[in-house]
Amino acid sequence: MTTREMMDSLSDALMHDERILSLQERELLANLLQRTKTSGSARNNAVAETIARAVGETIAQRAYGILGNNITQRLVENSLASGSASENAILARAEQPTLRMQGPSVGPPQPPAPPPPPGPQPPRRMQGPSVGPPQPPSPPPGPPRPGPQPPKQMQGPSTGPAPQPPAGPQPPHGPQPPVQPAPIRGPQPPRSTTVSETDTQASRVAVLERPDFISAQCVVLDEFLAPQELRELMQYTQDHEADFALSEVISPGVSGGAIDYNHRRSRVLMNLDKHRDAIVNRTQACLPQVLQKLGHDVFSISEVEAQITASNHGDFFRNHSDNLHEDTASRELTFVYFFHREPKTFRGGELRIYDSRWENGGYASTGNYQTVVPEQNQIVFFPSSLVHEISPVDCPSQAFADSRFTVNGWFHR
């Protein structure tokens with residue numbers, strides 16, 4: 001068998017792999033293409049090309065996670081050379097994962113982003129930037145009190161003050177041991193076995209060099225995990241409900257973590273098991289494109305943190321930056337991967353990323369912000385120095401399985 005025949009065979013195998021396209025997705029795609037090609041009009045032919053391009057991007061993105069970057073690129077190049085099958089035509093349009101950029105938060109709200117490729121997922125709707133003063137709601141006097149809460153209608157970004165966090169379920173009674181996450185290291189580029197004192201000092205200086213202003217920009221990637229990977233991650237999360245611990249925050253001037261119900265309420269799971277490698281490897285494969293979109297310099301990765309966060313009724317996280325504390329100063333890039341049980345039964349929990357200005361030894365919000373509404377199987381990247389917050393979650397059932405789930409992670413310089 002020649003090299004081209006092997007690549008064509010692999011291309012055909014990918015088109016029929018459940019991890020690339022599920023049976024329902026293939027049936028829906030075939031139906032759509034058949035309908036657009038029946039009439040033969042120029043308009044329908046353009047629709048068919050658009051569908052093929054979108055599916056090709058999804059196939060390439062999912063193939064990155066299964067085959068790796070190099071072999072996927074070779075597959076695309078050989079498909080371009082052969083050009084003899086419709087599957088190759090689709091793959092030839094998919095050299096890079098689908099990245100969407102949300103730029104600085106100025107001007108009126110932007111229109112919703114176009115929907116993703118056809119499939120079982122719900123339509124995506126990204127809300128554009130809006131302007132509003134970052135007025136935090138009055139904090140509750142202590143830990144949340146128990147009791148049923150009426151459903152709360154969550155509003156999108158506005159010019160008014162941020163909403164008050166509804167009271168949620170009482171946190172577990174009794175003393176809670178502080179969560180001290182052990183460093184979790186992901187795949188790293190080759191490094192020298194010896195580091196000179198000069199290199200160490202240069203690295204520290206680089207971390208301390210902070211720009212005076214950072215615009216609220218982020219990169220959004222849809223359909224991040226394959227359907228089977230998403231189902232397994234969701235099942236793993238629900239099976240380990242008992243292993244989640246109360247979230248901690250690092251307060252200014254305080255060494256280590258502390259539980260502060262006035263600043264943050266959620267629960268975290270530090271052990272992702274096999275799912276950690278799947279997510280870290282996928283994010284690292286996308287990192288060059290993400291940094292290019294953000295206009296961010298390429299940097300050597302010394303460590304990758306990752307954890308699962310569960311946010312239920314009344315949970316929130318007020319304005320903060322991810323790398324202002326001494327223990328987190330090397331965090332360079334933050335990512336947040338959204339997932340939840342379907343149908344989605346919570347509202348709120350929006351990620352708000354603010355234009356940030358350095359003043360008085362820390363970054364402060366300027367009032368302008370981007371809003372990212374949690375959507376299934378979506379990941380967001382943004383610089384760790386940016387001020388951001390999580391709006392209160394409204395989950396009427398208060399059931400753990402109905403929570404807003406995320407995989408939060410940080411790439412360290």
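Which residue in β14 is the bridge partner of Y337? The partner is I379, and the points below set out where these strands sit.

1. Basis. This is a predicted model, in which local features need pLDDT of at least 70, side-chain atom pairs count only at pLDDT 80 or more, and totals for chains, interfaces and linings use all residues. Residues are numbered from 1 along each chain as its sequence is written, and side-chain values use heavy atoms, with hydrogens and water left out.

2. Overall make-up. The protein chain has eight helices and 17 strands; helices (H or I, at least four residues) and strands (E, at least two) are DSSP runs, numbered from the N terminus. Of its 413 residues, 48% count as buried, where buried means under 20% relative accessible area with a 1.4 Å probe, protein chains only. Among contacts (heavy atoms within 4.5 Å) between residues at least 6 apart in sequence, 84% join residues at least 24 apart.

3. Strand β14. This strand covers residues 378-383, and six of the six are buried, so β14 is largely enclosed by the rest of the structure. In a regular strand the side chains alternate between the two faces of the sheet. Here Q378, V380 and F382 lie on one side and I379, F381 and P383 on the other, and both faces are covered.

4. Neighbours of β14. Two strands pair if DSSP finds at least two bridges between them. Strand β10 (residues 331-339) runs antiparallel to β14 and is joined to it by six bridges. Strand β4 (residues 218-221) is also antiparallel to β14, with three bridges. I379 in β14 stands opposite L221 and is the bridge partner of Y337.

5. Strand β9. β9 pairs in the antiparallel sense with β6 (residues 264-265) over two bridges, and R265 stands opposite F316. Two bridges also join β9 to the antiparallel strand β15 (residues 388-390), where I390 stands opposite F317.

6. Helices α7 and α8. Helix α7 (residues 227-239) packs on helix α8 (residues 274-294) at an angle of about 135°, with the axes 10 Å apart; axes are lines fitted to C-alpha atoms over the stretch in contact, and angles run from 0 to 180 degrees between N-to-C directions. The two helices are therefore oblique to each other, since angles under 35 degrees count as roughly parallel, over 145 as roughly antiparallel, 65 to 115 as roughly perpendicular and the rest as oblique. E229, E232, L233 and Y236 in α7 meet K274, H275, A278, I279 and R282 in α8.

Methods
Buried < 20%, exposed > 50% of the residue type's maximum accessible area, 1.4 Å probe, protein only.
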